[in-house]
Amino acid sequence: MMKTVKHEPDRQPNVAAIAIWENEGGASRPARMDQHFGRRIEKDRTWTIYHVYTGIPATSNGRNMTGLSHSDATDGMLFLNDRNTRNRAHRHAAQAKPRRGLSAFLLATWRRTGGLS
């Protein structure tokens, strides 16, 4: 009869990795440049939505986004990051609009040189 040896690796590294994953906002979607908000669990077991570059708690309508439940922190983080995505796309679309006509400099040069010869 063959003896089976079960090896369960130490679970502490996995717990630490999950904690880091949770505090960095999770990985529900690929990271994007406009994802400025993450969520983290605090010592009192409440959640905070924070700005990932500064670590400062986010604010919405003058209220700090602290003392939240896990689901509220997740929903709020996703909302703020999606809002950033929409705002970034709107700014990009506004900048990408084709310009009609020549710039003032090119138009003056065109007139001075008599256009194409």
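This passage goes through the fold, the confidence and a few local contacts of a predicted model.

Some ground rules come first. Residues are numbered from 1 along each chain as its sequence is written, and side-chain values use heavy atoms, with hydrogens and water left out. Because the model is predicted, local features need pLDDT of at least 70 and side-chain atom pairs count only at pLDDT 80 or more, while totals for chains, interfaces and linings use all residues.

On confidence, the protein averages a pLDDT (the predictor's confidence in each residue, from 0 to 100) of 75, and 62% of the residues score at least 70. Where pLDDT is low, the predicted coordinates should not be read in detail.

As for the overall layout, the protein has three helices and four strands, taken as DSSP runs numbered from the N terminus (helices are H or I, at least four residues; strands are E, at least two). Read from the N terminus, the order is α-β-β-β-β-α-α. Of the 117 residues, 19% are buried, meaning under 20% relative accessible area with a 1.4 Å probe and protein chains only; exposed is over 50%, and partly exposed is in between. The accessible surface, from the Shrake-Rupley method with a 1.4 Å probe, comes to about 9,700 Å², with 57% of it belonging to carbon and sulfur atoms. Taking contacts (heavy atoms within 4.5 Å) with a separation of 6 or more, 35% link residues 24 or more positions apart.

Strand 2 (residues 47-51) is largely enclosed by the rest of the structure, because four of its five residues are buried. W47 lies in this strand and, at 8% relative accessibility, counts as buried. The C-alpha atom of W47 sits 6.1 Å from that of A73, 26 residues apart along the chain. Strand 2 pairs with strand 1 (residues 37-41) in the antiparallel sense over five bridges; for pairing, DSSP has to find at least two bridges between the strands. Within this pair, F37 stands opposite H51. The hairpin has five residues between the strands, and R45 takes a positive phi near 70° there.

On side chains, R40 lies over the face of Y50, 4.8 Å from the ring centre; the cut-offs are NZ of Lys or CZ of Arg within 6 Å of the ring centre and within 35 degrees of the ring normal.

G114 follows helix 3 and has a positive phi, near 85°.
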